[in-house]
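Have a look at the chain below, then work through the exercises one step at a time.

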Amino acid sequence: MPTLIPPHGSAALKPLLLPEEERDEALKRARSLKRLALSSREVSDLFMLAMGAYTPLAGFMGAADWRGACLDMRLENGLFWPLPITLSCAEDFAAAIGDEVALTDADGDILGVLAVSETYAIDKALECREVYRTADEAHPGAAKIMAQGAVNLAGPVSVLSEGHFPETYRGLYLRPAETRALFVENGWSTVAAFQTRNPMHRSHEFLAKVALEACDGVLIHQVLGALKAGDIPADVRVRAIDWLVANHFPQGRVIQAGYPIEMRYAGPREALLHALFRQNFGCSHLVVGRDHAGLGGYYGPYDAHRIFDEIGGDSLAIRPLKIDDTFHCFDCRGMATGNVCFAADGGKDPPGEKERYRAVAAVATGDAQGRPCRHGDAGKLRISGTRLREMFANGEAIPPEYSRDGVVAILQAYYDGTP
């Protein structure tokens, strides 16, 4: 039997969704409680707690854990945790609640119950500065912090519902216990998580295939929570990725799944959180590319690489696959990276695709030294999801070096408004 990486800080997963047979009675009790409507970010965190993705947390953080996560990336008990998981409310609400409060979504549907153990005020500027490196409210993560209530509520939660996710994303919405079972069923011991909130273009495909050289399988993990304006809907992304996996990946080596987090765009800190909860999903590695979970110019392009070297070996069991900037290099005659060049030597042809993936994987895992791609920008086609969306919106032709034809067809139908 394959042996998977253990959950973070625990011998077993700790999902907080109540067993189905207990939910009706718990919901009846919850209807008698004072209700607190959660922000979209807080709802997504509640659902991550529900499925066990935030193991071993038992609920929303108290003051000591909030401060430790902000300043030291450690909870009060010493456990590594790179950013706060908190729940806020107005001061007058906090003053009026009892021992428990019902947690609802924006429509008033009860999602869970918080057993209130603590109420506390926070320094919002400190959290923004430490987690996001900015209090600029043009940054969506910092804006959420500055707009939240003045008081945080802490305590364990009992979750009664995962909202629309299990039904809307049937077969895609997989909890950590379910991905772990699939990995074992497939005979995988090592699994690389590939984070995406975009359809996969050729650079994404390259990164995922590099990961297959380092691991038994790859989990293509879709963000299903709230995204930025202009992002492509999850159902369209899923169809495009399904086509790509079926036609351009080795059979039986890839699983696609989705999870309910809302992106914070916290750059390096969020990269660490992505690694932590992927460990709970059973992944041994996380693909960390250029400007992972970043936004605009708030973070350096490789800050998320460097932070894994700064946190200490006891922080996480999961390991990063740190992959440099990727692009199509016409001189290398295919995909290359900033630190691995594939120029033909001595009149020989450049290496094939498999050799390219293997070479980049060796550098990403630290097993080999890279050789920087020495070709100028004029010989490189840089590929990004933002630019791809622009080309579709402007009616531009999509070069084959940018995206596979089947992916282009699915995305074009979306932009044309056809099924």
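This is a predicted model: local features need pLDDT of at least 70, side-chain atom pairs count only at pLDDT 80 or more; totals for chains, interfaces and linings use all residues.

Residues are numbered from 1 along each chain as its sequence is written, and side-chain values use heavy atoms, leaving out hydrogens and water.

**Exercise 1.** Classify the pair formed by the rings of Phe392 and Tyr415.

*Solution.* 
- Rings of Phe, Tyr and Trp (its six-membered ring) pair if their centres lie within 6.5 Å; planes under 30 degrees apart count as stacked, over 60 as edge-to-face and the rest as tilted.
- The centres of Phe392 and Tyr415 are 5.1 Å apart and the planes are at 5°, so this pair is stacked.
- Tyr415 is partly exposed, at 28% relative accessible area.

**Exercise 2.** Classify the pair of Tyr259 and Phe277, and say whether each residue is buried or exposed.

*Solution.* 
- The structure holds eleven aromatic pairs.
- In this one, the ring centres of Tyr259 and Phe277 lie 5.2 Å apart with planes at 50°, so the pair is tilted.
- Tyr259 is buried, with a relative accessible area of 0%.
- Phe277 is buried too, with a relative accessible area of 0%.

**Exercise 3.** Find the aromatic cluster that includes Phe47.

*Solution.* 
- Phe47, Phe165, Tyr169 and Tyr173 together make one aromatic cluster.

Conventions: Buried means under 20% relative accessible area, exposed over 50%, partly exposed in between (1.4 Å probe, protein chains only).
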